[in-house]
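The sequence and the structure are shown first.

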Amino acid sequence: MKKFSAGLVLAALLCLLTATASARTVAEEQARIEEVHEQAMDLFARMRPHLIRRAENSYGYATLSCSRVLLYERGRGVAVNNETGEKVYLKMRGVDLLGLGIGFFATEYDIMLFFKDEAAWDRFMTGKTKVKTSAVAVARLSDESGVGAGFGLTARDVEAVALFKKGLEVGVDLAAMKIFAPKKLNGGY
């Protein structure tokens with residue numbers, strides 16, 4: 001009996017430690033995403049200040065800081081509901097289906113999304129929106145950011161603008177991307 005009780009106590013302690021470590025990891029990830037969001041907002045304010053005004057006047061907006069290496073894209077960001085003040089942490093995953101062009105195929109860019117109304121926000125946050133992009137992307141290899149020529153996002157009543165930060169790529173691109181709100185980061189959103 002004593003061996004069983006000691007094993008049970010040890011298992012309970014391990015579960016408690018794992019839960020505590022997991023909570024710190026979520027808080028740390030949220031802090032990193034908040035920092036990335038602030039950097040993206042600063043970049044948009046510097047390069048395209050009219051988009052900040054548009055974000056403030058929309059039902060809600062989001063920024064995502066993304067990177068692409070060869071055929072794989074990933075990103076993270078925050079969506080802000082201007083009506084309720086709610087913040088939702090986002091992640092993005094994407095894969096290039098057809099990439100034709102020249103360049104390093106390694107780029108960093110920020111996306112700003114604008115939500116038209118509550119229905120668009122709800123569809124997007126609950127994952128009922130399919131997100132795809134097809135683009136002719138042009139980015140500069142310099143300190144100056146460039147706008148993605150032909151960057152497109154298909155999501156009902158959601159518009160997107162991209163600013164390319166680093167990399168060099170010119171070409172035709174057909175990609176699929178999914179932007180989602182991880183339950184772990186959003187308390188079960």
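Is Lys87 buried, partly exposed or exposed? Lys87 is partly exposed, with a relative accessible area of 40%; buried means under 20% relative accessible area, exposed over 50% and partly exposed in between (1.4 Å probe, protein chains only).

The model is predicted: local features need pLDDT of at least 70, side-chain atom pairs count only at pLDDT 80 or more, and totals for chains, interfaces and linings use all residues. Residues are numbered from 1 along each chain as its sequence is written, and side-chain values use heavy atoms, with hydrogens and water left out.

The protein chain has four helices and eight strands (DSSP runs numbered from the N terminus: helices H or I, at least four residues; strands E, at least two). Of its 189 residues, 41% are buried.

Seven salt bridges occur in the structure, each a side-chain nitrogen of Lys or Arg within 4 Å of a carboxyl oxygen of Asp or Glu. Among them are the following.

| Salt bridge | N to O distance |
|---|---|
| Glu29 and Arg76 | 3.5 Å |
| Glu34 and Lys87 | 3.2 Å |
| Arg123 and Asp157 | 3.4 Å |

Glu29 belongs to helix α1 (residues 2–47) and Arg76 to strand β2 (residues 72–81), so this pair ties together parts 47 residues apart in sequence. Glu29 is buried at 11% relative accessible area, whereas Arg76 is partly exposed at 27%. A network of salt bridges links Glu29, Arg32, Arg76 and Lys91.

Glu34, the partner of Lys87, is buried at 19%. In the remaining tabulated pair, Arg123 is buried at 17% and Asp157 is partly exposed at 29%.
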